[in-house]
Amino acid sequence: MTSSTTLTTIVAELAAAGGQIEQEEFTPLCDALLAPKRVFITGAGRSGFVARGFANRLLHLGLAVSFVGEPTTPPVRADDLLVVISGSGRTAGLVAMAEKAHSAGAAVATITTDTAGPIGQLATAYLALPGQTRLGADIQATAATSIQPVGTLFEQLAWLACDSLIVLLRERTGQSNDELIERHANLVACR
């Protein structure tokens with residue numbers, strides 16, 4: 001397989017998997033993101049990178065957002081929202097975070113392949129993505145197949161789904177790209 005063919009195949013996989021997402025799941029997740037006082041975002045491994053990017057874009061939208069685990073992360077409270085990005089929905093540390101947030105009275109939302117898993121059971125809003133993961137390779141009957149290593153398709157699709165949520169939230173809040181740019185970091189290394 002050539003590099004061009006590989007890239008074309010990956011893009012086709014993403015398009016096919018994206019077509020399997022239930023579009024009506026975006027609305028409750030947008031509602032959940034706009035409802036709380038504060039939003040907490042978490043994920044582990046490569047899904048954690050997706051979560052960090054999503055938290056950054058939510059900040060650009062003007063939401064009070066924290067990535068869990070940073071030293072400046074405040075304690076979760078009632079009326080907050082924890083969003084867990086977890087392919088399997090079963091990663092032990094993420095399950096513990098979701099349980100802690102839930103017991104504190106915060107809402108839980110998730111982006112996952114397995115809405116029936118422990119995190120999904122706590123979630124009031126979710127986005128179910130097709131794909132396979134290291135911990136839950138056999139969970140979703142409609143799992144998308146991929147030439148990529150296990151979990152990669154989910155992570156890429158999660159990134160794109162989060163970007164779709166940002167576009168929807170920007171439209172719902174009536175903000176322009178210029179308004180988001182005003183919230184970008186401006187402390188950068190001198191050149």
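Predicted model: local features only at pLDDT ≥ 70, side-chain atom pairs only at ≥ 80, totals over all residues.
At what angle do the axes of helix α2 and helix α6 cross?

1. **α2 against α6.** Helix α2 covers residues 26–34, and helix α6 covers residues 152–172. Their axes come within 10 Å and cross at roughly 65 degrees. That makes α2 roughly perpendicular to α6, because angles of 65 to 115 degrees count as roughly perpendicular. The crossing of the two helices is right-handed.

2. **Who makes that contact.** From α2 come F26, T27, L29, C30, D31, L33 and L34. From α6 come A161, S164, L165, L168, L169 and R172. By class, the residues of this contact are nine nonpolar, two polar and two charged.

3. **α1 against α6.** Helix α1, residues 3–18, also packs with α6. The angle here is about 65 degrees, and the axes are 10 Å apart. This crossing, too, is right-handed. On the α1 side the contact uses I10, E13, L14, A17 and G18. On the α6 side it uses L153, Q156, L157 and L160. Six of the residues in the contact of α1 with α6 are nonpolar, two are polar and one is charged.

4. **The largest core.** In soluble globular proteins, nonpolar side chains tend to be buried together. Here the largest nonpolar core has 38 residues. Which of them touch the most other members? They are F54, L58 and I111. Helix α6 gives this core its largest share, nine residues.

5. **F54 up close.** Set aside the neighbours of F54 within four places in sequence. F54 is then in contact with L33, I41, V83, I85, C162, L165 and I166.

6. **D80.** This residue sits in the loop between β2 (65–67) and β3 (81–85). Is D80 buried or exposed? D80 is buried, because its relative accessible area is 2% and buried means under 20%. Beyond its neighbours within four places in sequence, D80 is in contact with P36, K37, R38, F40, P75, A106 and A107.

7. **D79.** The loop between β2 and β3 also holds D79. D79 is not a glycine, yet it has a positive phi of about 75 degrees.

8. **D163.** Helix α6 contains D163. D163 is partly exposed, with a relative accessible area of 32%. Along the chain, D163 and L58 are 105 residues apart. Their C-alpha atoms are separated by 10.0 Å. L58 is one of the residues that touch the most other members of the largest core.

9. **G93.** Helix α4 spans residues 92–103 and includes G93. G93 is partly exposed, at a relative accessible area of 41%. How far apart are G93 and G43 in space, C-alpha to C-alpha? The distance is 9.4 Å, although G93 and G43 are 50 residues apart in sequence.

Definitions and conventions:
Residues numbered from 1 in each chain as written. Heavy atoms only, no water. Axes fitted to C-alpha atoms, helices over the stretch in contact; angles between N-to-C directions. Helix = DSSP H or I, 4+ residues; strand = E, 2+ residues; numbered from the N terminus. Parallel < 35°, antiparallel > 145°, perpendicular 65-115°, else oblique. Left-handed = near helix turned anticlockwise from the far one by under 90°. Contact = heavy atoms within 4.5 Å. Nonpolar A, V, L, I, M, F, W, Y, C, P; charged D, E, K, R; others polar. Core = buried A, V, L, I, M, F, W, Y, C linked by side-chain atoms within 4.5 Å. Buried < 20%, exposed > 50% of the residue type's maximum accessible area, 1.4 Å probe, protein only.
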